[in-house]
Structure formats: structure tokens, C-alpha cells
Amino acid sequence: MGNPAPVNYKVAEAARLAGVSASTLRLWESQGLVVPGRSETGHRQYSGEDVARLKRIAWYRAERGLNPAAIREALEAEDTAGEGHSTFPMRASRRKASGESSAASGMRPARRWSRSRETLASPSPSSRHSREPPRA
């Protein structure tokens, strides 16, 4: 029995498996988060390894709220951490149980930004059309 041919997924299939849209995959590619292979005709082909990476990227975006630069750092830290580690980062509850801190795992805590009500209020008509910078 020979080795089966590696499975390659088209953009739509890989997006469905990762739980994101096809345009999101193209955006992540332009940001350098994932580099899919190409067919002879130039179409993107995602391997099983690429799909696993896409799932990790989606997890970092949704659960940790990381931006693309922070996701890239986290993925690089995972890659350099060595073999034998889980493909998904440990959740804080499991880190506590194992005695590992978030600093020890190389992960930064997620930042949640909120806006005050004043920021969300629409500007007055006169300030909206003003060409002067806001006063300090």
C-alpha cells in the first residue's frame, strides 16, 4: 500500500473547515498569516496543515482578540516552542491547573477596548465640518 496523495482544499472548502469566509482567507494571505500552495493554474490549494493553521488563526482572532501582528507572533512562538505541544494554546483555566502562567507560555493577555458614551455620540454639526484640529 502506497502513501495516499495529500489532500488539498480549495478556498471555499478551507474557509468552511476553518469557520471563516473565503475573503477572510484571502485577507490573511495578504497579511502573511498563511501561505497556501498553488495549482498549476494558479488556484490556491490549502493542505491539512494549512487548515489547522487557519483554525488557530481564527481562534486567536475570536477568543483572544489578537490583531494580525500579534497572531503572527503567537504562531511563530508556537513554531519555535518545539514539537510535542498542542496545536491550540492552553486556556487560562488549564494553565492555572498545570501551574503555568500566561507569561511562561509566551502569551500576552487579551486586550479588550471599550469606548465611552461620549466617543460614540455623533459630533455636533459645526464640529463635523470644522477644518481646525480639536483643542486640547
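Helix α3 lies across strands β1, β2 and β3, and runs at about 80° to β3. This arrangement is taken from a predicted model. The protein chain contains seven helices and three strands, which follow one another along the sequence in the pattern β-α-α-β-β-α-α-α-α-α. Of the 136 residues in the protein chain, 21% are buried. Among contacts in the protein chain with a separation of 6 or more, 52% are between residues 24 or more positions apart.

The three strands make up an open sheet in the order β1-β3-β2, with antiparallel pairing. The pairing of β1 with β3 is antiparallel and extends over two bridges; here Y9 stands opposite Y46 in β3. Strand β2 (residues 37-38) is likewise joined to β3 by two bridges, and these strands run antiparallel. In this pairing R38 is placed opposite R44 of β3. Five residues separate β2 from β3 in a hairpin, and G42 in the turn has a positive phi of about 95°.

Helix α1 spans residues 11-18, and V11, A14, A15 and A18 in this helix are buried. Viewed down the axis of α1, the buried residues fall within an arc of 100°, so they line one face of the helix. An α-helix has 3.6 residues a turn, so residues three or four places apart point the same way. On the other side of α1, A12 and R16 are exposed. The buried residues of α1 are covered by elements that include β1 (8-9), α2 (22-30), β3 (44-47) and α3 (48-64). Just after α1, G19 adopts a positive phi of about 80°.

The largest nonpolar core consists of 20 residues, and those with the most contacts inside it are L25, W28, Y46, L54, I57, Y60 and I71. Helices α1, α2, α3 and α4 (68-81) each contribute at least two residues to this core. The most is given by α3, with six residues. For I71, with neighbours within four places in sequence set aside, the residues in contact are L33, I57, Y60, R61 and L66.

The mean pLDDT of the protein chain is 75, with 58% of residues at 70 or more. Helix α1 has the highest confidence, at a mean of 97, whereas helix α5 (residues 92-98) has the lowest, at 47. The pLDDT is below 50 over residues 117-122, a stretch with one contact in the model beyond near neighbours in sequence. Over residues 126-136 the pLDDT is also below 50, and this stretch likewise has one contact beyond near neighbours in sequence. Where pLDDT is low, the predicted coordinates should not be read in detail.

Notes
Residues numbered from 1 in each chain as written. Predicted model: local features only at pLDDT ≥ 70, side-chain atom pairs only at ≥ 80, totals over all residues. Heavy atoms only, no water. Buried < 20%, exposed > 50% of the residue type's maximum accessible area, 1.4 Å probe, protein only. Helix = DSSP H or I, 4+ residues; strand = E, 2+ residues; numbered from the N terminus. Arc of directions from axis to C-beta. Contact = heavy atoms within 4.5 Å. Pairing = 2+ DSSP bridges. Core = buried A, V, L, I, M, F, W, Y, C linked by side-chain atoms within 4.5 Å. pLDDT = per-residue confidence, 0-100. Axes fitted to C-alpha atoms, helices over the stretch in contact; angles between N-to-C directions.
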